[in-house]
Amino acid sequence: AKDCLDEMLEIFKEDYQKLSNVAELAVLFLKYEGCHVNKFQTIFTRCKWAKKFGQLKIHCKDIFVNSPDQKINLLKEMMHLKQVDIFMILEYCFDFELDPQDCLKLYLRILLTDWEPSFEIEKSVDGEQLHVQEVDSETDKKCNDILKLIKNKDQLIIELNQIVADVNYYY
């Protein structure tokens with residue numbers, strides 16, 4: 001039966017929905033039989049994310065490449081989208097065995113460096129002052145939620161200092 005499942009995976013490798021169905025069936029069958037499901041669970045997880053990336057309009061053919069760099073590149077691409085939330089980021093980290101703390105710091109960096117607020121430069125006797133005219137409440141909430149989830153506050157301070165050094169105030 002396992003050979004048959006392997007053959008079906010090869011047949012349906014270009015159709016994520018069918019591949020996902022076969023992988024899910026294989027996981028259920030092999031668990032019932034008391035066998036290892038790692039290969040099929042990995043394929044099922046990747047199909048799940050291929051579907052999510054498709055909904056997000058992210059090209060994800062490389063989701064089946066087993067490169068850690070490719071996993072991070074897809075994560076970064078996902079982090080740049082407004083409709084992505086922290087829970088999706090953490091789910092991705094869990095599914096692809098990435099360090100959630102590192103991913104949260106990366107997400108914070110991307111949120112802050114992508115943020116494009118409206119601002120006004122006010123001239124005074126003391127020089128120029130930058131005044132942000134609007135606060136993006138969604139970005140603000142995401143950043144505050146991330147700050148609460150990062151456990152190592154010393155590492156957070158180091159990361160925030162690096163972000164401040166990298167921010168281009170002049171766009």
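Modeller: Cys 47 counts as buried because its relative accessibility is 3% (buried is under 20% relative accessible area with a 1.4 Å probe, protein chains only). Cys 103 has a relative accessible area of 4%, so Cys 103 is buried as well. The model is predicted, so local features need pLDDT of at least 70 and side-chain atom pairs count only at pLDDT 80 or more, while totals for chains, interfaces and linings use all residues. Residues are numbered from 1 along each chain as its sequence is written, and side-chain values use heavy atoms, without hydrogens or water. The count of disulfides is zero (a disulfide is a pair of cysteine sulfur atoms within 2.5 Å).

Now the core itself. The largest nonpolar core holds 31 residues (buried Ala, Val, Leu, Ile, Met, Phe, Trp, Tyr and Cys joined through side-chain atoms within 4.5 Å). Six helices each supply at least two residues of this core: H3, H4 (68–79), H5, H6 (100–114), H7 (137–149) and H8 (153–166) (helices are DSSP runs of H or I, at least four residues, numbered from the N terminus). H6 gives the largest share, seven residues.

Phe 53, Leu 75, Met 78, Ile 89 and Tyr 92 have the most contacts inside the core. Take Phe 53 as an example. Beyond its neighbours within four places in sequence, Phe 53 is in contact with Ile 58, Cys 60, Ile 63 and Leu 74, and also with Met 78 and Tyr 92 (contact means heavy atoms within 4.5 Å). In soluble globular proteins, nonpolar side chains tend to be buried together.

Notes: Buried < 20%, exposed > 50% of the residue type's maximum accessible area, 1.4 Å probe, protein only.
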